[in-house]
Amino acid sequence: MRFPGSAQLAVLSEAEFEALASLHFAMTEVRHEWGTSRAALDRLFALSDHAEHLDDGVRFTFRSRALDEVRRAAYRYTDAVEKVMWPCVSAYTVLGVAVLELVVDGEVPLSDQAVAELAEEPTLGQLHAALSVPVPALLTARGAQSVESAQQRREQLLARVEGVYESLADPMLPSPLNREQAAVSRLTEAQSEGSDALWEGLLEPLVLLAGQTPSDVAFHLRQRG
């Protein structure tokens, strides 16, 4: 995903352009590290399983024990990378949708303060609201088939966000949240230690959505002429 140049996004304010660009490259570079860490984790799972098979019934099991420890460390590292990645991806999504909506509607740019606020990790409610903006209202320059495909992907994302609300309301949690409480929560703060990541299933599709949004702004401007 290439980030459009300043000439292609000339209607954006300096703050909008700089924040979107910074979030784009932060997301892109951390995403590469995420992919590398997951590949290493997959490899270590295979090596650990093989070592356990070879060590089954033998007296000394140093190999399987060592690989198991490395695998656990790799798992913790992957989790840490995801926790760094989530604020970048979610903020990029929310800010990008807000900017695209203003450009399509012909409204004035966001204030510098609003940009700074939207460039931080959003609450679950803010993310839900951004994903709820009707796709046809955002992609007015796109063809019907492209809009339909984007709408389907958006509905899948919204379904996954609903799954996060349900996860946060789980009565087995130490402090379950009702919908209102969950809506004002940030996932990096609401994440319970030892539980599945709340952003699981959201990261990859949001990376694609967020990364595409500046290009949608540029495309709309070209079509508008």
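P4 is buried, with a relative accessible area of 9%. Buried means under 20% relative accessible area, exposed means over 50%, and partly exposed lies in between (1.4 Å probe, protein chains only). This is a predicted model, in which local features need pLDDT of at least 70, side-chain atom pairs count only at pLDDT 80 or more, and totals for chains, interfaces and linings use all residues. Residues are numbered from 1 along each chain as its sequence is written, and side-chain values use heavy atoms, with hydrogens and water left out.

Where does P4 sit? P4 belongs to the segment before α1 (14-55). Helices (H or I, at least four residues) and strands (E, at least two) are DSSP runs, numbered from the N terminus. Contact means heavy atoms within 4.5 Å. Not counting residues up to four places away in sequence, P4 touches L9, F17, P214, S215 and A218. K83 is 79 residues from P4 along the chain, and their C-alpha atoms are separated by 27 Å.

S13 is also found in the segment before α1. Is S13 buried or exposed? S13 counts as buried, at 16% relative accessibility. Its contacts are P109 and L110, leaving aside neighbours within four places in sequence.

Now to the aromatic rings. Rings of Phe, Tyr and Trp (its six-membered ring) pair if their centres lie within 6.5 Å; planes under 30 degrees apart count as stacked, over 60 as edge-to-face and the rest as tilted. The structure holds 4 aromatic pairs. One of them joins F3 and F25, and this pair is tilted: 6.1 Å centre to centre, with 55° between the planes. The pair links distant parts of the chain, with F3 in the segment before α1 and F25 in helix α1, 22 residues apart. F3 is buried, with a relative accessible area of 14%. F25 is partly exposed, at 42%. Another pair is F60 and F62, whose ring centres are 6.0 Å apart with planes at 10°, so this pair is stacked. F60 is exposed, with a relative accessible area of 56%. F62 is exposed too, at 54%. Which residues form one aromatic cluster? They are F3, F17 and F25.

Rings can also have a charge over them. That label applies if NZ of Lys or CZ of Arg is within 6 Å of the ring centre and within 35 degrees of the ring normal. The charged end of R179 sits over the ring of Y165, 3.9 Å from its centre. R142 places its charged end over the ring of F219, 4.1 Å from the ring centre.

A cavity is a set of points, on a 1 Å grid over the protein atoms alone, where a 1.4 Å probe fits but cannot get out; lining residues have an atom within 4 Å of a point. Grid points are joined across faces, edges and corners, and a volume is the space filled by probe spheres set on the points. A search of the whole structure finds 1 cavity of 30 Å³ or more. Helix α9 (residues 203-224) gives the largest share of the lining, 3 residues.

L206 lies in helix α9. L206 counts as buried, at 0% relative accessibility. L206 touches W86, V89, T93, L127, L131 and L157, not counting residues up to four places away in sequence.

Definitions and conventions
1 Å grid on protein atoms, 1.4 Å probe; cavity = no way out; pocket = protein on both sides within 12 Å on 5 of 7 lines; lining within 4 Å.
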